Each structure stands twice: as C-alpha cells, then as structure tokens.
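Below is a short report on one protein model. It covers overall build, cores, salt bridges and a surface patch.

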Amino acid sequence: MNGAQDLGGQMGFGPIELEENEPNFHADWEKRAFAVTLAMGATGTWTLDASRFSRESLPPDVYLSSSYYEIWARGLERLVVRYGLVTEDELKEGHHKAPAQPVKKVLKSADVATTLAKGATVDRPQSEAARFKVGDPVRTKRMHPEHHTRLPRYARDVVGKIEAIHGVHVFPDANAHGKGEQPCWLYGVVFRGPDIWGEDSDPTLTLRIDLWEPYLDPA
C-alpha cells in the first residue's frame with residue numbers, strides 16, 4: 001500500500017540525524033515492546049508480513065508522530081485485536097475480561113536465544129526457472145495496491161538492471177493477507193539515481209532494492 005512509511009523522495013522531513021554510538025534501546029519500555037512483538041510472532045498466529053503490514057497501515061498522522069518502537073507497539077495492538085486474542089475494551093483497560101484464547105505455540109524464556117539465533121527461513125525450493133538473469137534490464141510495475149507490498153512507491157514504473165539473483169522466497173504481498181506463501185524469484189535490482197529522483201538529482205547516485213519477480217517486467 002502507499003503508506004506513510006514510503007518516505008523516499010518526500011520533502012519537508014529534514015535530514016536524517018545519525019546518533020553516535022546509538023544504543024539498541026533508549027528506554028526500558030522499548031525492550032519490552034520488541035520482546036512482546038517477537039514473542040507474539042513466535043506463536044504463529046500471523047506471519048512476519050502481516051506484522052509489517054499492520055505497522056505500515058497505521059494512519060499517517062499516527063505513524064509519523066510515533067517513534068520506532070511506538071510503531072511496533074501500535075502494530076501489535078492492532079494484530080491482537082484483529083486476530084481475536086484481545087478485544088478493544090480489554091486493550092483499553094489493560095486486562096482480560098474473558099479467558100485467554102489459545103495460540104499455536106508459546107515461546108518459553110529458556111528457548112529465546114536459540115529461537116532468535118535460528119531465525120525463520122523464507123527461501124523456498126525452485127519450482128520453475130527464473131524469468132530474468134543478471135544484466136537484464138527490467139521495469140518495475142506501476143501499481144497502487146491497497147494490500148502489503150515491498151515495492152516502494154518511489155521505485156515504481158522505473159527502469160533498472162538485474163544485479164543479483166537471490167533464489168525463490170515467500171511473496172510478501174500474498175503472505176501478509178492469508179493467501180499462502182506463493183513463493184517466487186527474488187532479485188537484486190540496481191537503479192540510477194536520476195531515473196528514480198529525476199535528472200537534476202546526483203548523477204553518481206545508485207539505488208539497490210531487492211524485488212520479487214511479480215513486480216518486474218522486461219524493459
């Protein structure tokens with residue numbers, strides 16, 4: 001979807017200010033927001049892509065006025081309500097009014113380190129040949145989907161070149177909405193800065209984005 005997270009090329013937000021020796025967390029509540037989000041993801045109630053969509057589809061005024069981990073917390077609140085684990089009233093009051101709903105799995109504290117180290121693979125076996133090869137010129141599709149997508153708005157309908165082939169991976173656009181994994185080829189695509197931002201932009205700039213095959217057409 002065209003959400004507030006798609007900031008590339010938008011003006012008025014000022015420069016990105018880098019914090020020297022920035023810590024992973026600036027407050028204890030951020031650690032908890034991170035931990036609870038991962039623990040709930042480990043239950044298998046929703047997919048990683050559904051979690052991303054929940055954050056990215058926050059209303060623009062909420063998204064842009066929230067800090068990084070506030071966005072995580074707000075996205076999780078929407079998920080637990082959407083999937084019937086918590087009601088709106090329970091969320092507001094901060095406690096259950098009905099027995100807790102069962103989940104598929106529970107991440108035990110003793111298993112956290114092993115689970116995080118292992119991760120969850122999203123690459124899948126190849127079932128058909130890749131449509132493109134390294135060096136091929138491609139054009140990204142012009143689209144304005146209401147669903148989740150990993151094709152940024154600023155990189156649509158732009159010519160680039162296949163720079164790498166990453167294999168077959170879960171397709172986020174489908175996986176975020178309960179339509180199955182629909183695995184397809186994933187490519188590393190390189191774009192000229194002027195092709196993205198216009199001819200008056202820095203001519204030495206290049207942009208690299210990993211993009212799934214359904215986003216691409218031959219150029």
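## Overall build

Of the 219 residues of the protein, 34% count as buried. The model is predicted. The accessible surface comes to about 13,700 Å². Carbon and sulfur atoms supply 54% of that area. Along the principal axes, the C-alpha atoms fill a box of roughly 55 × 45 × 35 Å.

There are eight helices and six strands. In sequence order they run α-α-α-α-α-α-β-β-β-α-β-α-β-β. Take the contacts between residues at least 6 apart in sequence: 65% of them join residues at least 24 apart.

## Nonpolar cores

In soluble globular proteins, nonpolar side chains tend to be buried together. Here the largest nonpolar core has 22 residues. Which of its members touch the most others? They are Ile162, Tyr187, Val189, Phe191, Leu211, Tyr215 and Leu216. Strands β3 (159–169), β4 (184–192) and β5 (206–212) each supply at least two residues of this core. The largest share, six residues, comes from β4.

Phe191 shows how such a residue is surrounded. Leave out residues up to four places away in sequence, and Phe191 touches Thr140, Val158, Val159, Gly160, Ile196, Leu205, Thr206, Leu207, Ile209 and Leu211. A second, separate core holds eight residues, including Met40, Leu79, Val80 and Leu85.

## Salt bridges

Side chains of opposite charge can pair when their charged atoms come close. The structure holds ten salt bridges. One of them joins Asp28 and Lys31, with the closest N and O atoms 3.8 Å apart. Both residues lie in helix α1 (residues 28–41). They sit three residues apart, about one turn of the helix. Is Asp28 buried or exposed? Asp28 is exposed, because its relative accessible area is 61% and the cut-off is over 50%. Lys31, at 45%, counts as partly exposed.

Glu93 pairs with Lys97, and here the closest N and O atoms are 3.0 Å apart. Glu93 is partly exposed, with a relative accessible area of 45%. Arg131 and Asp217 also meet through their side chains, at 3.8 Å from N to O. This pair links distant parts of the chain, 86 residues apart. Arg131 belongs to the loop between β1 (123–124) and β2 (137–140), whereas Asp217 is in strand β6 (residues 216–218). Arg131 has 46% relative accessibility, so it counts as partly exposed. Asp217 is also partly exposed, at 29%. Elsewhere, salt bridges that share partners join Arg139, Arg142 and Asp157 into one network.

## A nonpolar surface patch

Where do nonpolar side chains form a patch? Leu7, Phe13 and Leu64 make one on the surface. Together they have about 260 Å² of accessible area.

Leu64 lies in helix α3 (residues 60–64). Its relative accessibility is 44%, so Leu64 counts as partly exposed.

How values were computed. Residues numbered from 1 in each chain as written. Predicted model: local features only at pLDDT ≥ 70, side-chain atom pairs only at ≥ 80, totals over all residues. Heavy atoms only, no water. Patch = residues over 30% accessible without salt bridge, like charges linked within 9 Å, V, L, I, M, F, W, Y side chains within 5 Å. Areas by Shrake-Rupley, 256 points an atom, 1.4 Å probe, with all protein chains shown as cover. Salt bridge = Lys/Arg side-chain N within 4 Å of Asp/Glu carboxyl O. Helix = DSSP H or I, 4+ residues; strand = E, 2+ residues; numbered from the N terminus. Buried < 20%, exposed > 50% of the residue type's maximum accessible area, 1.4 Å probe, protein only. Core = buried A, V, L, I, M, F, W, Y, C linked by side-chain atoms within 4.5 Å. Contact = heavy atoms within 4.5 Å.
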